[in-house]
Amino acid sequence: MKHIFGPVNSRRFGLSLGVDLSPQEKCCNFDCLYCELGGAKPKQEISNPSPPKTIAAEIEMALKRFENIEVITLTANGEPTLYPYLKELIEKIEKIKKGSKSLILTNASTLWKESVRDSLYSIDMVKLSLDAARAKSFKKIDRPIKGFDFEKALEGVKIFAKNYQKELYIEVLVVEGVNDTPEEFEALNEIIKELSPLRVDVGTVDRPPAYKINGVDYQKLLKLSELIEAAPVSIVHRKKERARKLSLDYSEILRMLKRRPLESEDIEALFDRNSKEKLKKLINRGEIIQKRVGNLIFYGLRIDK
C-alpha cells in the first residue's frame, strides 16, 4: 500500500491513518524554509497521480487492518490539494470511512480555486497553514512558486472559511527573525478573526529544516500566542517542560485565562502545584470551564464572567 503510511497516534486529533497523495516524490508549490522534506523547486502538479479508486482501495484495506482509526488524514509528500482527482477521492472516502473522520492538511495555496473549495466542503476537518498575514513575510518563509498571488490566495481562504460548515483549524509555524514579532501576530489575529477557526496551533522549528534557520523558545511562543484573541491557541513545542513554573494566586489565574484559554499541556508546563490546586477550586466554583477542541482540552473563563 504505497499511499498509506500507517496509523499515528496524534494528540491533537486521535489515532490517524496517514494517506500520502504524492508518495514517489516531493510535490509542492511552496519551498518552505522549515520543510522537513528538504528543499525542492516548487511544482504545480503531482507527477503520475494514482487514480482515486486505487487509493480508496488501499484506505479500505488499511481500515480493516488497523482497528480504532479515528481520523483518515490526507496529506502528501508536498501539498495534497495539488492532487487532480481530489473531489472524487474525498467522495469515495466519505463512503468507506465508517466511524472515522476525514482530515486534510493543506498549505491553503489553492483555495482561490472554486473547484478546490468545493472538494473540501464535505471533508470533516480542514487544517490549513497560515504562517504570515503579510505578503512580504509570507514570501520569505513559504517561498511560493513564481507568480503566486498572496492576496488572491488569502481571499480564497476567507471565502472557504465563510462557507465551510465543519471543523476548521489553523497552523502557524514560527521562524526566528521572519515571523516572530508582535506586529506579525497582530496582523495574523485580524485575519483569524475573519476565519473563525476552532483552534490555532502555533509551533516552531523542531525537526531538521530544509534551510539554515532557527526556531524560537516556548516562552516566546507563549507571549506571541497571547496576541491571538480570536480562537483557542495550542502551543506545539517539544520543550514545554523547560518552561518556568508560575506560582499564581486566584486573581492571576483568572487574568491569565481571560487573556486566552490555556490548553491542558500548557497548564502542566506553566503552573506549579499550588497553582494547579487553585485552578481546580476555580473549576469547582464554576469560574473556570473546560472545553474540548478537537482532541485537546482547554481551560478558560466562563463566557458570562
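Ile-93 is buried in this predicted model, with a relative accessible area of 2%; buried denotes under 20% relative accessible area, exposed over 50% and partly exposed in between, for a 1.4 Å probe and protein chains only. The residue is found in helix 2, where helices (H or I, at least four residues) and strands (E, at least two) are DSSP runs numbered from the N terminus. When residues up to four places away in sequence are not counted, Ile-93 touches Ile-59, Ile-72, Leu-74 and Ser-102, a contact being heavy atoms within 4.5 Å. Ile-93 and Ile-104 are separated by 11 residues in sequence and by 12 Å in space, C-alpha to C-alpha.

Residues are numbered from 1 along each chain as its sequence is written, and side-chain values use heavy atoms, with hydrogens and water left out. Because the model is predicted, local features need pLDDT of at least 70 and side-chain atom pairs count only at pLDDT 80 or more, whereas totals for chains, interfaces and linings use all residues.

The sheet is open and is formed by eight strands in the order 1-2-3-4-5-6-7-8, with mixed pairing; two strands pair if DSSP finds at least two bridges between them. Strands of a sheet pair through backbone hydrogen bonds, either parallel or antiparallel. Strand 1 (4-10) and strand 8 (233-236) are the edge strands, each pairing on one side only. From one strand to the next, the twist averages 25°. Helix 2 (residues 86-96) packs on this sheet and touches strand 3 and strand 4 (101-106), its direction making about 170° with that of strand 3. Axes are lines fitted to C-alpha atoms, for helices over the stretch in contact, and angles run from 0 to 180 degrees between N-to-C directions.

Within the sheet, strand 2 (residues 14-20) and strand 3 (residues 71-75) run parallel and are joined by five bridges. Leu-17 has Ile-72 in strand 3 as its bridge partner. Strand 4 and strand 5 also run parallel, joined by four bridges, and Leu-103 stands opposite Met-125 in strand 5. Strand 5 (residues 125-129) is mostly covered, as four of its five residues are buried.

Asp-31 lies in the loop between strand 2 and helix 1 (52-65). This residue is buried, with a relative accessible area of 5%. A polar contact of 2.5 Å links the side chain of Asp-31 to the side chain of Tyr-211; such a contact is a pair of N or O atoms within 3.5 Å, and within protein one must be able to donate a hydrogen and the other to accept it, while residues adjacent in sequence count only if both atoms are side-chain atoms. Beyond four places in sequence, the residues touched by Asp-31 include Lys-26, Asp-142 and Arg-143.

Two helix pairs were also examined. The axes of helix 8 (residues 250-259) and helix 10 (residues 273-285) come within 10 Å and cross at roughly 75°. These two helices are therefore roughly perpendicular to each other, since angles under 35 degrees count as roughly parallel, over 145 as roughly antiparallel, 65 to 115 as roughly perpendicular and the rest as oblique. Tyr-250, Ile-253, Leu-254 and Leu-257 in helix 8 meet residues of helix 10 that include Leu-279 and Leu-282.
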